[in-house]
Amino acid sequence: MRKVVLIIYSVLFTLSCTDNFSSVVDFTQVENPNLSEASVVGQPNSSIIWLAGLERELAFCYNEILILAELGSDNYMNTQTFFSQFLDQLELQNTDPDLRDFTREIQRLREMALFGLESVGPADPEYTTTTEAEFHYFLGLAHMYAAMYFPALPQEPVGPAVPAAQHYQNALAAFANAIVLNPLPEYYLATARVNYYTGNKTAAVSAARQALALNAALDRFVRFDEAAPGGVPPGTNPSNVMESALFERATFDDFQPLPTLDFLDPKYSFLTADEDAPVHYLKAEEALLILAEANMSDNRIDAARANLTDLLALIATREIRNIDDSTEGRIQVAPGSRPDKASVVVNGRTGLVLDRQAGNVDVPSVSGTSLTAADIAGLTADDAGLELLYRTRQEVFIAEGLRFVDMGLKLIIDENEVLQNENINKGDLGTVPLIPAFISSVVKNLDAITYDPTKGVAATVIDVNQILVANKTSSEVLPFH
């Protein structure tokens, strides 16, 4: 009904305008010779330039992904409203501008990849198979993100909402095309992730092994500029919004991690005057964790231990940044409200909290974990072992947007799409929240903690890893179980 009212109003408004006014709003006759299609399509090396634009667009995507996904998970508590005002308590509102922007960036990434494949690449005399493979890869990423974060999204402009399962299949097809042209390890790892989340264990294991065989230290990342476009010096890519939330805004304390994850924060911090911290979105650690989980589900505990031993060895080679984080007081709005001393015991464990007032701190910038060799030696193929594995996944992938998906969470289609797309209506798949019952029942405690500064003891109110494992037979989580 709202659509009908809007359409009628728009028609009446247009009919009431004069001819002079209609000429003013007729933008179809305006052409900027520097921005025309001909200025790109058919030009030498235009495919390389277009590929750089896709890399840039991926940076915009991750600026939307990370804020929403990390707040929606149990990783961080939002103590301000500078970024998202809704997601910390999983308040999914289709009027949320962050949700709207995220939807647009995913679909823009898809359309840019398709334009590269269908128009820019074929018309470029310097077009190569490696660039074509990248276009397929980015198309696969767009479909993969649509499936990871939404129950359904259109796969074409103003098209019907397509279920996540179909987007996953589209992603697999795109990655397969990329592999035929240029078998890069990240293409295999992306394939492994899709098969992991769809529960196809055999295919996930195969792709993970192929990725590791090609590069056992794979790390594909998206780059950001310290100065956003138009800044001084002028930037090409946007700045890293998640870095701003975790580090750059300093005493505002926007995002506070669980005390169990304190030693991993801030994952992103100041890098250089020209370049902001990158986001490592496809890395070999994911392949090893997929293999470990598959082996545990098959009761091959020795093989799982070997996978996790390799994981520790790999993490030991990753960058650790020594930074001054003393402006981050962990005080939230009241002194003593959050753990801020290295002596604090969290859930009965030590060494999880950094003392940022005692000097510079060491923080992993790619991957970090509290997993130890002793933990691996004692690993068992039962619920306790799975909880340890998912705790490790949470640590390794913090601030990368995967925890949200591991918790079985999905976003919803934004209001603009519902109002303007005749193929989507209120109540359709993707327009209403789909939160697992075992998460919705504890949503207020997802990132709640208790802390006694006198005793130096802190605890999380709930253990989400324990909850996920207790519901391992659900189709929403733990895909290999």
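Trainee: Which residue forms a salt bridge with Glu 186, and how far apart are the closest N and O atoms?

Mentor: A salt bridge here is a side-chain nitrogen of Lys or Arg within 4 Å of a carboxyl oxygen of Asp or Glu. Glu 186 makes one with Arg 220, the closest N and O atoms being 2.9 Å apart. That pair links distant parts of the chain, with Glu 186 in helix H7 and Arg 220 in strand S4, 34 residues apart. Helices (H or I, at least four residues) and strands (E, at least two) are DSSP runs, numbered from the N terminus.

A word on the model before we go on. It is predicted, so local features need pLDDT of at least 70 and side-chain atom pairs count only at pLDDT 80 or more, while totals for chains, interfaces and linings use all residues. Residues are numbered from 1 along each chain as its sequence is written, and side-chain values use heavy atoms, with hydrogens and water left out.

Trainee: Are Glu 186 and Arg 220 buried or exposed?

Mentor: Buried means under 20% relative accessible area, exposed over 50%, and partly exposed in between (1.4 Å probe, protein chains only). Both Glu 186 and Arg 220 are buried. They also belong to a network of salt bridges with Glu 55 and Glu 134.

Trainee: In which sense do strands S4 and S6 pair, and over how many bridges?

Mentor: Two strands pair if DSSP finds at least two bridges between them. S4 (residues 219-225) and S6 pair in the antiparallel sense over 6 bridges. Arg 220 turns up again here, with Leu 282 as its bridge partner in S6. There's a salt bridge to go with the pairing: Glu 275 to Arg 223, 2.8 Å between the closest N and O atoms. Glu 275 lies in S6 and Arg 223 in S4, so this pair ties together parts 52 residues apart in sequence. Arg 223 is partly exposed, at 47% relative accessible area. As for S6 (residues 275-283), 8 of its 9 residues are buried, so the strand is largely enclosed by the rest of the structure.

Trainee: Where does Leu 409 lie, and what is it in contact with?

Mentor: Contact means heavy atoms within 4.5 Å. Leu 409 lies in the loop between helix H14 (402-406) and helix H15 (415-420). At 2% relative accessibility, Leu 409 counts as buried. Leaving aside neighbours within four places in sequence, its contacts include Gly 72, Leu 90, Met 148 and Ile 439.
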